[in-house]
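Visitor: I have a new structure to look at and I'd like to learn how to read it. Could you walk me through a few features?

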Amino acid sequence: MTAPLTVETIGQAPKALLHDHLDGGLRPATVLDIAGRIGYDNLPAPDEAGLAAWFRTAAHSGSLERYLEPFAHTVAVMQTPESLHRVAFECVEDLAADNVVYAEVRFAPELHIDGGLSLDDVVDAVLAGFADGEKAAAAEGRAITVRCLVTAMRHAARSLEIAELAVRFRDKGVVGFDIAGAEAGYPPTRHLDAFEYMRSHNARFTIHAGEAFGLPSIQEALAFCGADRLGHGVRIVDDIEVLPDGTAHLGRLAAILRDKRIPLEMCPSSNVQTGAVDSIANHPFDLLARLRFRVTVNTDNRLMSDTTMSQEMFRLVEAFGYGWSDLERFTINAMKSAFLHFDERLALIDEVIKPRFAVLIG
């Protein structure tokens, strides 16, 4: 018998997550606790409920630049090995509780050295937190694999250094590289040396593109930088013309994106908050899914969007009428697109994702 589609039943489904920011997913209680311990007194609210509401409201800003402002508070409480380990550990706990079976969680090490840590110290602490979180989740019967993406801030000048960091830790849990931050005025091509370094070392990378900026950022990410995946990429819809009879005509950029099966790390709730789209119902996710682009469902920043993978999927179900087979396809899309080795991806698809969805589909 097919299970009904609710937030609760979707919560039982296995999920694969490719786009989740560590500093955007803290528990409000943890922010308060660490702030109290280190004497950080700039928090905008004194209690858990108030702080959660502030993050959600502040992030719902209508622009990417303003959406990023609340991160100053989460980054401020992530400046010691202990706090980084704790945040990473709790991230794994929270994802496992939502039945995420594979996650790539990203963060920018350069934002966590104000307390005197080296970049390597920062990554070591986060990876240790992930590993301990995996062990704790497995002990509770919720097996999860978590890998790390290290991110360079696109407005800064440390991207090559961060790419070198990614390669240095590639056998310890870091599976890729990313650039993030405000898009306008900071094109991907400012960081060509970092992307060339990654390619020369047979390493993988994704690029935030086509979120706050349009098609040129996607063109640069693909044609000049050689991105393996695109973070968001919602503006690719600007290169698709839907004709009156419902058929779609793809421009050259949209066509090559689909032809090459470049994965789109789509984050519906976040895109509404930043003004990339005006509502979930008007999100191009469904058009792209129907045209068989490789779309994936992601959380982006769970604290700022007050969301989980289950909630993101349910919002898409409500907006577009998806069924279990659709959610399974999006999940397999994500797992196929992970920066994990092929045999490991295949094992998770065949031994975990498909069997558990089969139970729900009935």
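Predicted model: local features only at pLDDT ≥ 70, side-chain atom pairs only at ≥ 80, totals over all residues.

Visitor: Is Trp324 buried or exposed?

Guide: Trp324 has a relative accessible area of 5%. Buried means under 20%, so Trp324 is buried.

Visitor: Which residues is Trp324 in contact with, leaving aside its neighbours within four places in sequence?

Guide: Among them are Thr2, Ala3, Pro4 and Leu5, along with Thr9, Ile10 and Ala13. The list also includes Phe357, Leu360 and Ile361. For a sense of distance, take Arg258, which is 66 residues from Trp324 along the chain: their C-alpha atoms are separated by 23 Å.

Visitor: Let's move on to aromatic rings. How many aromatic pairs are there?

Guide: The idea is to look at how far apart two ring centres are and how the planes are angled. Ring centres within 6.5 Å make a pair, and by that rule the count comes to 8 aromatic pairs. One of them joins Phe285 and Phe330, with 5.0 Å from centre to centre and 90° between the planes, an edge-to-face arrangement.

Visitor: Why does the pair of Phe285 and Phe330 tie together parts that are apart in sequence?

Guide: Look at where each ring sits. Phe285 belongs to helix α13 (residues 285-290) and Phe330 to helix α16 (residues 324-337), so the pair links parts that are 45 residues apart in sequence. Both Phe285 and Phe330 are buried.

Visitor: And what about the rings of Phe320 and Tyr322?

Guide: Their centres are 5.7 Å apart and their planes are at 50°, so this pair is tilted. Phe320 is buried at a relative accessible area of 19%, and Tyr322 is buried too, at 7%. Ring pairs join Phe285, Phe320, Tyr322 and Phe330 into a cluster.

Visitor: Now the nonpolar core. Which residues touch the most other members of the largest one?

Guide: In soluble globular proteins, nonpolar side chains tend to be buried together. Here the largest nonpolar core has 116 residues, and Phe130, Phe177, Leu230 and Phe293 touch the most other members. Helix α7 (residues 119-139) gives the most to this core, with 8 residues. Ala131 also lies in helix α7, but Ala131 is partly exposed, at a relative accessible area of 29%.

Visitor: How do I read the sides of a helix? Which residues of helix α11 are buried?

Guide: Check which residues are buried, then see where they point around the axis. In helix α11 (residues 252-259), Leu253, Ala254 and Leu257 are buried. They span an arc of only 100° around the axis, which puts them on the same side of α11. Arg252 and Asp259 are exposed on the other side of α11.

Visitor: What covers the buried residues of α11?

Guide: The cover includes α10 (215-224), together with the strands β6 (229-232), β7 (240-242), β8 (248-250) and β9 (264-266).

Visitor: What about cysteines? How many disulfides does the structure hold?

Guide: A disulfide is a covalent bond between the sulfur atoms of two cysteines. This structure holds 0 disulfides. Cys91 is in no disulfide, and its nearest cysteine sulfur, that of Cys148, is 9.9 Å away. Cys91 counts as buried at 3% relative accessibility, and Cys148 counts as buried at 0%.

Visitor: What is the phi of Asp306?

Guide: Asp306 has a positive phi of about 45°, although it is not a glycine. Asp306 is in the loop between α14 (302-305) and α15 (309-320), and is partly exposed, with a relative accessible area of 41%. Just after α11, Arg261 takes a positive phi of about 60°.

Terms used. Residues numbered from 1 in each chain as written. Heavy atoms only, no water. Phe/Tyr/Trp six-rings, centres within 6.5 Å; stacked < 30°, edge-to-face > 60°. Helix = DSSP H or I, 4+ residues; strand = E, 2+ residues; numbered from the N terminus. Buried < 20%, exposed > 50% of the residue type's maximum accessible area, 1.4 Å probe, protein only. Core = buried A, V, L, I, M, F, W, Y, C linked by side-chain atoms within 4.5 Å. Arc of directions from axis to C-beta. Contact = heavy atoms within 4.5 Å. Disulfide = S-S within 2.5 Å.
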